[in-house]
Amino acid sequence: MITIMLVDDHPVVREGLRGMLEAEPDLSVIGEAGSGDEAVALSRVKQPDVILMDLRMPGLDGVGATRKILADRPDQRVVVLTTYETDADILRAVEAGASGYLLKDASRTELAGAIRAASRGETVLAPSVAGKLVNRVRNPTASPLSAREIEVLRLVASGSTNADIGRALHISEATVKTHLLRTFGKLDVSDRTAAVTTAMRLGLLG
């Protein structure tokens with residue numbers, strides 16, 4: 001019997017997943033957590049074979065929870081299950097040590113098969129995610145940001161205000177804000193400092 005812990009901040013999602021997985025004779029859900037912090041604490045008690053981890057949750061997110069769980073128990077298998085498949089999301093999860101990355105539109109058969117594979121120590125990736133990772137390896141300099149977004153972010157890194165950036169690039173402050181909001185979305189961050197830090201870590205600012 002493969003034991004599973006579900007981590008998702010939406011109870012209805014956890015209920016649906018439990019119903020799907022427990023219909024399989026060799027899978028058993030032994031715990032549920034509604035936040036990253038709860039997942040870290042519960043994993044120490046339950047020690048499941050596989051943890052299905054949502055990516056975006058209030059407070060400690062799925063990536064942060066994965067890092068903490070694996071710091072405690074390096075052999076723990078954590079499979080991200082999310083609706084998001086941006087390059088930044090995938091890279092963050094893989095760098096945190098996730099054993100797999102699946103999308104919530106996966107069928108019961110696909111999900112169950114992925115859990116079995118993860119429990120054996122295999123890496124499991126949704127086909128679209130695998131394609132993005134292969135492309136990233138083949139084109140390591142490929143950027144999720146446009147040339148203009150990188151220009152704006154470089155000026156942010158130098159300490160420029162939106163008004164300064166607008167004057168330097170001959171665009172309006174509103175356009176600067178639009179570029180920044182798109183950048184935040186692509187890098188999965190919520191502020192200027194985090195955007196610069198993430199872009200530098202990914203080698204996007206040169």
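Trainee: Is Thr66 buried or exposed?
Mentor: The relative accessible area of Thr66 is 1%. Buried means under 20%, exposed over 50% and partly exposed in between, with a 1.4 Å probe and protein chains only. Thr66 is therefore buried.

Trainee: What kind of model is this?
Mentor: Residues are numbered from 1 along each chain as its sequence is written, and side-chain values use heavy atoms, with hydrogens and water left out. Local features need pLDDT of at least 70, side-chain atom pairs count only at pLDDT 80 or more, and totals for chains, interfaces and linings use all residues, as the model is predicted.

Trainee: Which helix holds Thr66?
Mentor: Helices (H or I, at least four residues) and strands (E, at least two) are DSSP runs, numbered from the N terminus. By that numbering, the place of Thr66 is in helix α3.

Trainee: Which residues is Thr66 in contact with, leaving aside its neighbours within four places in sequence?
Mentor: Contact means heavy atoms within 4.5 Å. With neighbours within four places in sequence set aside, the partners of Thr66 are Met53, Val78, Ala96, Gly97 and Ala98.

Trainee: Where is the place of Asp54?
Mentor: The UniProt annotation "modified residue: 4-aspartylphosphate", from an unreviewed entry, covers Asp54. UniProt positions follow the numbering used here, feature names are shortened, and annotations may be inferred rather than shown by experiment. Asp54 sits in the loop between β3 (50-53) and α3 (62-72).

Trainee: Why does Asp54 count as buried?
Mentor: Several residues touch Asp54, among them Asp8, Asp9, Thr82 and Lys104, not counting those up to four places away in sequence. Asp54 counts as buried because its relative accessibility is 5%.

Trainee: Which elements do the buried residues of α2 pack against?
Mentor: In α2, the buried residues are Gly36, Ala39, Val40, Leu42 and Ser43. An α-helix has 3.6 residues a turn, so residues three or four places apart point the same way. The buried residues of α2 pack against β1 (2-7), β2 (27-33), β3 and α3.

Trainee: What is the phi of Gln47?
Mentor: Gln47 lies in the loop between α2 (36-46) and β3, and at 44% relative accessibility Gln47 counts as partly exposed. Most residues other than glycine have a negative phi. The phi of Gln47 is positive, near 45°.

Trainee: What is the phi of His170?
Mentor: The place of His170 is in the loop between α8 and α9. His170 is exposed, with a relative accessible area of 74%. Its phi is also positive for a residue other than glycine, near 60°.

Trainee: How many strands does the protein chain have?
Mentor: Buried residues make up 46% of the 206 residues in the protein chain. The chain has ten helices, and its strands number six.
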